[in-house]
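Let's take a walk through this structure together. Have the sequence and the picture ready, and follow along part by part.

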Amino acid sequence: MSTVNIQINGKPITVEKGTHILAAAKQAGVKIPSLCAHPDLDAWAACGICVVKVSNARGISPKLVRACATECVEGENYITHDPELNKIRRTIIEMILADHPQSCLTCGRNGSCELQTLAAEFGIREIPFARNVKNMPKDDSTGAIVLDPSKCVQCGRCAQVCQQLQNVWALEFIGRGEKTRIAGAGDIVLNETPCIKCGQCSAHCPVGAIYELDETGKLLAAIQNPELTVVAQIAPAVRVAIGEEFGLEPGEITTGKIYAALRAIGVDTVFDTNFAADLTIMEEGTEFVHRFTEKKDLPLITSCCPAWVEYMEKYACDMIPNFSTAKSPQQMQGAITKTYYAQTAKLDPAKIFSVSIMPCTAKKQEIKRSEDMFSSGCQDNDLVLTTRELARLFKQFGIDFKNIEPQKADSPIGQYTGAGTIFGVTGGVMEAALRTAYYLVTNEELAGDAIDFTCVRGMDGIKKATVDVKGTPVRVAVAHGLKNVQTLLQEVRDARENGKELPYHFIEVMACKGGCIAGGGQPYGTEDEIRAKRINGLYTDDKKCEFRKSHQNPDIQKIYKDFFGEPSSHKAHKLLHTHYVSRPTYKK
Amino acid sequence: MAYKHYVLVCGGTGCESSKADDIFTNLKTEVANAGLEHDVQVVKTGCFGFCEKGPIVKVLPEDAFYVEVKPSDAEEIVKETLIKGRIVKRLAYADESGKTSAVPEEIGFYQKQMRIVLRNCGLIDPEKIDEYIARDGYAALEKVLFEMTPDQVIEEMKISGLRGRGGAGFPTWMKWNFTKQVESDVKYIVCNADEGDPGAYMDRSTLEGDPHSVLEAMAIAGYTVGANQGFIYIRAEYPLAIKRLEIAMAQAREYGLLGQNILGSDFSFDIEIRLGAGAFVCGEETALLASIEGKRGMPTPKPPFPAVCGLWKKPTVINNVETWANVPVIITKGGKWFASIGTEKSSGTKVFALTGKIKNSGLVEVPMGTTLREIVYDIGGGIKGGKAFKAVQTGGPSGGVITAKMIDTPIDFDNLVAAGSMMGSGGMIVMDEDDCIIDVAKFYQEFCVEESCGKCSPCRIGTRKLYDILTKISEGKGTMEDLEQLKEIGEAMKRAALCGLGQTAPNPVLSSLHYFYDEYLEHINEKKCRAGKCKKLITYTINDNCRGCTLCARKCPVNCISGEVRQKHTIDQTKCIKCGECMKNCKFDAIEKR
């Protein structure tokens, strides 16, 4: 690795070659203000706030450079702060504020807005420039995320995320000059674009211009309705992130606190999506073993991620036969809540209100994605709230989340294994499946460290491994961040076309970088450092579990014994499986 | 077979819109009618530059120079000049004193000009490659392919001192050398023909009048840096230039001057045209490259510079039309010859599009270092209608004003920057006493508001803020604080905008503020616009000269003038829209503007 020696405000520091000044300064403990730069993205260089001075052998350059987009050059000294730079930054922030609605009090980002923070840090008390606020209609067509172009500061993060990280191309700049705005590509409403509702745009927006559709009111209405039994499920990734909203460290496991807090706001019964994750493994694992032994429709591709499912239906529908027909854990949990649980608890499924707490905006759309989501005879899940929405509710109810006494989940579909909990991290579904598939194929349990498939862990965009199942090699691949998916699929297509051996037997895909722990509905400020902490939290949770393989979950064994018979049974197919259709984008 | 006479008809866009096509057809018919088709060749050429007096027809070898020709003049030109050998006096150029000049050498407009870039414009038929070749065309390409190494070409370019004519004046040889030094399997050559400054049309005229000069130069650069593919990015609003480029490219391919193994060498090079939709920002090189790639035309940060990482991330030489057009001559006549023209740091010539309140508007090409006085008075013939010279705006929306004080400053890249303006692509708009400096700054700022790509906040928001403040001042609502804000915003834009467009967009404001501070103060403190341009600051009143003829009242579009017949009329100031119709129509000097 080659390095360059530079100075930040005269202080020498050595950084990796190719490091941008902004990142180098951060390493030197110097924060350069910026509104558009984001560590997940290539520098777009829009806001102009991060400008710095360059000093080298020729003296101080008269031109300022953008710290976000300029690579460090050997021997140069970067002046990041001085009164002149401060003045320029201030002017730019004042100009941005002059064109901003400044409706902080009623904005979803009040308190977490990056523009608000800048304004506060620069102590801006009045806007010297004439206001020029454009009132433009909101776009809430997706029913999952809302685009409010009036608040947009044109930082370009959302479009970059959508295009570069996710390869979806639903968002684009429209218009020119002061009329420039973000909109659905082709200036059509978002729901008619190839948008997959992953919500990464909302997670990266520095202000309140793109946000999750707030549906907290619906939960409160259900709680208030005496006829309804409100049943909640919480997704794996929520437990290691929601604490951040209450001053806890990212990655801190708060499962019991969430159960307790949910009950405190009036939820009747609390289950855990992790249970359904175990159930998914039983169905999908069985499906895999079946396809693997029959050599049919391989590679098997995971289908837990609704954003990925929609992406596949829109951009890679040739892969439909390879998709696991198993529903996502959320949908399995909903289905069994309104059948199995309703039976045991002697409740009318129509009077159960099933709410799921998800790290994800696409889950909001998943609950109605096809008729299969109504398998219980009514809508299997009634409402999805993101982590951010739930945190707001807890705050409204004055819950002292940090100190609330943890509680346990309800029976009979609340207990989970370590395999279920790692569903929230990239590679986790694969690892959980391998733990059970190994058993299903060999009838032997993986023991000791062999249970940890570290080969599929980590933040590499594409992870490939060959797993030895008692002499039989199983080739697996894991991709997260949808731009990485096409590479894998192309390998499969190429092999097929050339009649070569398939490169993989099993592929796991999660739409968001890092998996659900960094989903579009998670607390703001997600970047790699935070991803790592949340991931660590889930692996810790896994280690703490009494059982770490889905098939060992006693409640899973019970549900098959009492209700489904066996994995992939007729009843399981009716309730736990689904089908996919091609959804071409930009219909002619 | 040589002809006895050549009749050259200007076929540039300007003259074509004044029926040059019909003139051409009529001349051909008249020549045929007179049975002279074997003795006379009628040629449609590129622009002569003297657009003020177009359409232009020139007859060789007599060098008879006819201006403001109409299609109906064809018969007389054929009968008098071609058959009888006489000059048609009424079509010859006449200066203010009434002195007619029948040959260009006698016309002030041409006397101080030196045509290198426009060497073939108005002389050859741009749609015939043979005519270009007859004027030493493609000799430079042949020379570099068979007699020079790429390093020698770079050296020659270095000696010539040619600097980019697109505006910033970066040494061309350095650009080429950067690209040459980068190891890459693919490199590109790009011609920036996205001419966007209001009033500028030298690139259009060059491409219309001499397209091969650009093609040849691009091939030379391709050979020098090791590129085999070129792109010409041209705005779709230039259909004639596009058509002539396409013809030129087809002919060049046919002659083996483009395509595989040019002139039998191992060097292959071809060119494609890419049409721009007319966004000003696409003249900025990184935005232009993005647009060629099919992306939204938005600039990206530099570095990396296109020379190293350009089109599709490959090393790319990008020069503008005028720069390219200089290259073949530099190769054939030598860098030393080129360097001997112009000033020490700005060699060669510069083409300016001279417009505004000037008698002889048109395209002028002068050696660098020519003074503004020479351009405005000697070439341009001075200010129209005997008004006083106020300033010249150079560099379009990126430039600034040059005042009467600097009228004797030699014009080159560095002097213009020192004066707070810039060369830009060469737009030169002359203002007289009737032009309000705030109105002019507002005009350019409005242009920038529309043409900012919208990507970076200093430019997107700053242009609009400047425009709003200028509007406020022009309405007499300005305060001293506003002047401070203009400077503050202008400075932030200059320092923090992403691309050249944004960094230079405040120039018209800052430079006018610098040189015409008094005029700003007048608007603010006295609520007065001395040029009478800012409508909110002027009032029309009727004085005692009024005879009550009622003409003004009848002409007023908003019916705000009232009065009895033969009685003095009055203007209702609350309704008046300051259109000036009353003043224009009054026969008794009874309307006053203050």
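Predicted model: local features only at pLDDT ≥ 70, side-chain atom pairs only at ≥ 80, totals over all residues.

Start with chain B, which splits into five pieces: domain 1 covers 5-108, domain 2 covers 129-339, domain 3 covers 349-432, domain 4 covers 437-526 and domain 5 covers 539-593.

Now zoom in on two of those pieces. The C-alpha centres of domain 3 and domain 4 of chain B sit 22 Å apart. Where the two meet, 11 residues of domain 3 of chain B are in contact with 14 residues of domain 4 of chain B. On the domain 3 side, strand E14 (residues 400-403) of chain B gives the most, with 3 residues. That side of domain 3 of chain B holds 7 polar and 4 nonpolar residues, but no charged residues.

Next, look at how the chains meet: 27 residues of chain B are in contact with 27 residues of chain A. On the chain B side, the elements giving two or more residues are helices H17 (437-451), H18 (457-474) and H19 (480-496) of chain B. H18(B) has the largest share, 8 residues. Sorted by class, this side of chain B has 12 nonpolar, 10 charged and 5 polar residues.

Finally, the core. Nonpolar side chains tend to be buried together in soluble globular proteins. Here the largest nonpolar core has 354 residues, and B:Val9 and B:Ile220 touch the most other members. Leaving out residues up to four places away in sequence, B:Ile220 touches B:Ala140, B:Leu141, B:Val144, B:Val153, B:Val327, B:Pro328 and B:Ile331. Apart from this core lies another, of 10 residues, including B:Cys552 and B:Cys586.

Key
Residues numbered from 1 in each chain as written. Chains lettered and ligands numbered in written order. Core = buried A, V, L, I, M, F, W, Y, C linked by C-beta atoms within 7 Å. Buried ≥ 20, exposed ≤ 12 C-beta atoms within 10 Å, placed from the backbone. Contact = placed C-beta atoms within 7 Å. Domains from an automatic or database assignment. Helix = DSSP H or I, 4+ residues; strand = E, 2+ residues; numbered from the N terminus. Nonpolar A, V, L, I, M, F, W, Y, C, P; charged D, E, K, R; others polar.
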